[in-house]
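Colleague: I am new to this structure and would like to learn how to read it. Could we go through it feature by feature?

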Amino acid sequence: MDIKQLLTMITLSQTLNYQKAAEQLQYAPSTLFKHIQMLEQEVGAPLFCKTGRQLALTRQGEAFLVHANRMVEHYYLALDSVCPAEKLEGTVSVGGCEINIGNSLLTLFEQFHTAHTETRLNMMMTHNAGVPALIRSDMLDIGFFYTTRPGVVSGLRAVPLYREPVYIMVSWDHPLAQKKALEGMQFMYPHDTCCFVGEFLPMLEKMGIHLSKTTFLGGVQLVVEQVRKEGAMTLAPHCAAQHYHDAYGLVRLDMDEDPIWAWENIVYKNYETLKPAARALARSSAVYADELVKKDASGWIARPNGTA
């Protein structure tokens, strides 16, 4: 396989339309068919299928797409690493939910600012589900986006950085800090559209656990205040849990059940068309993720395929 074949698969997974993908890549449709056919022969499985007239990724295609994105990302990182260093300046518009860019990734942004003092990061906080739309409308250059399984973000390139568990968080002096009974608890979270909520509430229902109240408050600070005041619980991914402990005094509950898993993704339209400073942030994010996995003593942070 080569980089053109991988780019063809990624683009087709975004458009799910051969004609649109051909126009975007400036290839003849027959070239796209050939690229996909050669990839499928090498992989040994179908990557796309048709349901009626609608093109879709197969299960094998979804699994392979995660690695295709990573291979293309590292290809461009390799090219950039041997190019003369450019003077990076200007503004990069970066977005994500408050838990993500305001908690989990603070160290990444601090390191980038230290390395590139003439580049300004314009941070835009939004709810997690709203990140892709802001990139498509060109309000963001780069987004950081949680998903609870690897997959496709329609029309965009999503590169998974690492996988981490999501914890239940309570106040340090809450009785549940010593116990595991969730029946009758209150649950508070910033937004009901978050993928964590979409996994957590059905999980409780399946376990036969009934909450007394579920409230969505729009911001982390409000949630934390109410969690402490009302003795409620909330959720935080592994990389934000320490900040929740240090800054807000919350502790995580260690449950017997398998955790919800979150994939941290960096999302943008096309790496090739990103401004130099945005490409530098994408490179820094990949390096940061690799270092995070290597240095994680707990063993909970893993590469996107689940390996430490």
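Colleague: In which sense do strand E3 and strand E5 pair, and over how many bridges?

Modeller: Keep in mind that this is a predicted model. To read strand pairing, look for the bridges and then for the sense of the pair. E3 and E5 (residues 142-147) are joined by two bridges in the parallel sense.

Colleague: How many bridges join E3 to strand E4?

Modeller: Seven, and E3 and E4 (residues 119-125) run parallel. Here glycine 90 is opposite threonine 119 of E4.

Colleague: How many residues of E3 are buried?

Modeller: Buried means under 20% relative accessible area. In E3 (residues 90-96), five of the seven residues are buried, and the strand is mostly covered.

Colleague: Is glutamine 186 buried or exposed?

Modeller: The same cut-off applies: buried is under 20%. Glutamine 186 has a relative accessible area of 16%, so it is buried. This residue belongs to strand E7 (residues 186-189). Leaving aside residues up to four places away in sequence, glutamine 186 touches Ser212, Lys213, Glu230, Ala232 and Met233.

Colleague: Which residues are buried in helix H10, and what covers them?

Modeller: In H10 (residues 238-248) the buried residues are His238, Cys239, Ala240, Ala241, Tyr244 and Tyr248. Their cover includes helices H5 (98-104), H9 (220-230) and H11 (276-295), along with strands E6 (157-171), E9 (234-237) and E10 (250-253). After H10 comes glycine 249, with a positive phi near 75°.

Colleague: Now the helix packing. At what angle do the axes of H2 and H3 cross?

Modeller: An angle of 65 to 115 degrees counts as roughly perpendicular. The axes of H2 (residues 18-25) and H3 (residues 29-43) cross at roughly 100° and come within 9 Å, so H2 and H3 are roughly perpendicular to each other. Tyr18, Gln19, Ala21, Ala22 and Leu25 of H2 meet Pro29, Leu32, Phe33 and Ile36 of H3. The residues of this contact are eight nonpolar, one polar and no charged.

Colleague: How do the axes of H1 and H3 cross?

Modeller: For H1 (residues 3-15) and H3, the crossing is at roughly 105° and the axes come within 9 Å. H1 and H3 are therefore roughly perpendicular to each other. H1 contributes Lys4, Gln5, Leu6, Thr8, Met9 and Leu12 to the contact, and H3 contributes Leu32, His35, Ile36, Met38 and Leu39. Seven of the contact residues are nonpolar, three polar and one charged.

How values were computed
Residues are numbered from 1 along each chain as its sequence is written. This is a predicted model: local features need pLDDT of at least 70, side-chain atom pairs count only at pLDDT 80 or more; totals for chains, interfaces and linings use all residues. Side-chain values use heavy atoms; hydrogens and water are left out. Axes are lines fitted to C-alpha atoms, for helices over the stretch in contact, and angles run from 0 to 180 degrees between N-to-C directions. Helices (H or I, at least four residues) and strands (E, at least two) are DSSP runs, numbered from the N terminus. Angles under 35 degrees count as roughly parallel, over 145 as roughly antiparallel, 65 to 115 as roughly perpendicular and the rest as oblique. Contact means heavy atoms within 4.5 Å. Ala, Val, Leu, Ile, Met, Phe, Trp, Tyr, Cys and Pro count as nonpolar, Asp, Glu, Lys and Arg as charged, and the others, Gly among them, as polar. Buried means under 20% relative accessible area, exposed over 50%, partly exposed in between (1.4 Å probe, protein chains only). Two strands pair if DSSP finds at least two bridges between them.
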